[in-house]
Every structure is written in C-alpha cells, then in structure tokens.
Amino acid sequence: MIYFLSDAHIGSRALDDRAAHEKKVCNCLLSVARDATEIYLLGDWFDYWYEYVWRKPQEYGLTLSTIRQLTDKGIKVHYFTGNHDIWTFGWLEKQTGVVLHRKTEIMTIAGKQCMLAHGDGLIPSDMIERYPKAVRRKIRRFMCLRRVFHSRILQRFFALVPPSLGDRLGYEWARKSRMKEIANPVGYKGEEQEELVLYAKEQELRQHLDYYIFGHRHIELDLMLATDARVIILGDMFRQWTYARINDKGEITLMNFEQY
C-alpha cells in the first residue's frame, strides 16, 4: 500500500499541546507503516523549519526518529517541501533518510500517472484575470512572498540572523498563518474557482494524467474531471486527520485516521 499525507504543521504555536499533536502524528505514521511500501509527505509537515549551519532544529525529535524508523525498515519516504518547510539544506535527508522533492513531480505510482506537489503557487495561467482587483492583489502578494522565500540569496542572508531571533520570527509568522486559517477557513470554492482544480484542468490540456495529488488547501477533495483524471486534495494532519492511499491495483481512496 502507498500512502499520501500532508500539512501536519508539527510544532505550531497555534496548538495548545504541541507534544500531544506530534505524538498523534507519529502514531499515525507508525500505523500506516504496517503495510506501507512507500509514503509521500506532501509538504508543511513542520510548521516552521530552518537548518542553520551551526545549529540544527532543536524540536521534532520524535518526528525525526519516527521517520528514520520507517526508512530503516525499507519504506521509501518521499518528502515534498511546502511553503512552511522550504529551508532544508541537506540535513533533513541525512537525518531521516527521506527522498527530498523541491518541485512538482510527475511519477508513475502503482501503474498510474500522478502529479504530486504541495500545491502552493500552482495557479492556472489565466488565474489573475478571474478575480476582482482586490483578490488579484492578494494573489500577487502571495506569489511575491513565495519568490522571496525560495530565493537562495535571501535564505543565506536569513542564516546570518541569530537562531533565537530567526526561530522566534519563523514560528510567529507560522502561528499567525495557522490562526488566520483556523478563524476563517476557506472551504471548497467549487470546480470553477478552486485554484488547484483549475491548474489540473489546464495541465490536462497538455498531458493526461490519472491523479493530481496535492496538499496545502486544508480541504478534503476527490473530484473526477471530464477527462477522467481525479484531483485529490489531502486535507491535513492538523485538524481533519485525512490522508489517501493507493492499492496495488492503482485504486486511490481518501481516508480518515478515525477509520483506521
């Protein structure tokens, strides 16, 4: 069985009990490991992650050891960076044995052609024109911020910030993002408004795939397109505790850990 999980946001300062949340996430990982051949973590597994040259992350010990336990068992764990955990420079892979992916990938999984990505920054080419001016400004601000976060030059400048200050800034920025999402969750916007669905439709004009599997949006979605491709948005491991799995016949199912 092959599993897909995303958006655990481990370590979030928006949580009342971070240790209990991390333990539950790790227990979920161990539960799917009973029959997993591969596990895909599709971004934002940590709420904030930055590898300083002279000091590695101090939190997440349970998570790191759990992932290492899985890879030591021979389970291939793929780690896709999201918009909260971009800043890994080699240490995470060495520590846990994951296969790191920094960009959208098209992969053959159980005989099915799948596009895999966290999902941030994936918008159709005509997305800006679809919305009023105020919304267009918001989209442009996000894309600008995304370019800043992905800039190698600016990442090196951030490395010069004392870790105590850098961590405080990082966790606070992430906390505000989580609190905003909790206070005003944006549910499914419909097939003609949901960015990742529109992105998948545009991709289908170029190349037909079987599954588009994304995280990022914190909604659970299994949508069949007119081309018979399916768009899967995984929900999260923060409040919804949802995930997907593909069996050896290539059949994908959205699941909830309360069902496991």
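**Exercise 1.** Describe the open sheet of this predicted model: what is its strand order, and which strands lie at its edges?

*Solution.* Step 1: the open sheet has 6 strands in the order 4-3-2-1-10-11, with mixed pairing. Strands are DSSP runs of E with at least two residues, numbered from the N terminus, and two strands pair if DSSP finds at least two bridges between them.
Step 1: strand 4 (99-101) and strand 11 (252-256) each pair on one side only, so they are the edge strands.
Step 2: neighbouring strands are turned by 20 degrees against each other on average, direction ignored; the axes are lines fitted to C-alpha atoms.

**Exercise 2.** Which helix gives the most to the lining of the second largest pocket?

*Solution.* Step 1: a pocket is an open set of points on a 1 Å grid where a 1.4 Å probe fits, with protein on both sides within 12 Å along at least five of seven lines; lining residues have an atom within 4 Å of a point.
Step 1: the volume, the space filled by probe spheres set on the points, is about 220 Å³.
Step 2: 12 residues line this pocket, and Tyr48, Tyr50, Trp87, Phe149 and Phe158 are the closest to its centre.
Step 3: helix 6 gives the most, with 4 residues.

Residues are numbered from 1 along each chain. Local features need pLDDT of at least 70, and side-chain values use heavy atoms.

Conventions
Predicted model: local features only at pLDDT ≥ 70, side-chain atom pairs only at ≥ 80, totals over all residues. Axes fitted to C-alpha atoms, helices over the stretch in contact; angles between N-to-C directions.
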